[in-house]
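Let's take a walk through a protein model together. Keep the structure open beside you and follow along as we go from one spot to its surroundings.

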Amino acid sequence: MTRIPRRLSARAGRAAATIAVLAAALTGTTAATTGTAAAASGSWSCSGAPVPAGYVITMYNAGGCNNHGSWYQQPAQNRLWTCSGSPIVSGYVLTNYDSRGCSGVGAWYHELVRNGVWTCPYSPIPAGYRSTTYDARGCSGLGAWLTVKA
């Protein structure tokens, strides 16, 4: 195959993946689990696809969806590493950070809120709780706040 047909073929594949993701996002439907997988329980979705309520992103594949990137979505659960940019499900807080996690995009540790948990920057503080003491060493050096029942 010559250089020009290869480039056209690659562009056509990327265009098809983009159209499939946009169609799924606009209609709320999901695509088949080929190179254009959309949001689903415990499956891969293309970058830009919506994350269903109650779900988090736990893995990243830069080569997925014809090299546009894909994300693994699964239901939220206690004590789970999630990728940076993942939704934070109600009732959960961020308690640790790994800059190398999730294939290098960064990862946050999600836990159900409880009295006496240390939370990272950008963590929501659920109703009925408040932040108190600060520790600059917490959350891998980003700093952490002690979260207690209000």
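Setting aside neighbours within four places in sequence, T119 is in contact with V93, L94, I125, C139, G143, A144, W145 and T147. Keep in mind that you are looking at a predicted model. T119 itself belongs to strand β7, which covers residues 117-119.

Is T119 buried or exposed? Its relative accessible area is 1%, and because buried means under 20%, T119 counts as buried.

Now move to G143, one of the residues that T119 touches. You can find G143 in the loop between α3 (138-141) and β9 (144-149). G143 is buried too, because its relative accessibility is 0%. Beyond its neighbours within four places in sequence, G143 is in contact with T119, C120, P121, Y134, D135, A136 and G138.

Let's step back to the whole chain. How many helices and strands does the chain have? There are three helices and nine strands, and along the sequence they follow the pattern α-β-β-α-β-β-β-β-β-β-α-β. The chain has 150 residues, of which 38% count as buried. Looking at contacts between residues at least 6 apart in sequence, 43% join residues at least 24 apart. Finally, the chain's accessible surface is about 8400 Å², with 56% of that belonging to carbon and sulfur atoms.

Terms used: Residues numbered from 1 in each chain as written. Predicted model: local features only at pLDDT ≥ 70, side-chain atom pairs only at ≥ 80, totals over all residues. Heavy atoms only, no water. Helix = DSSP H or I, 4+ residues; strand = E, 2+ residues; numbered from the N terminus. Buried < 20%, exposed > 50% of the residue type's maximum accessible area, 1.4 Å probe, protein only. Contact = heavy atoms within 4.5 Å. Areas by Shrake-Rupley, 256 points an atom, 1.4 Å probe, with all protein chains shown as cover.
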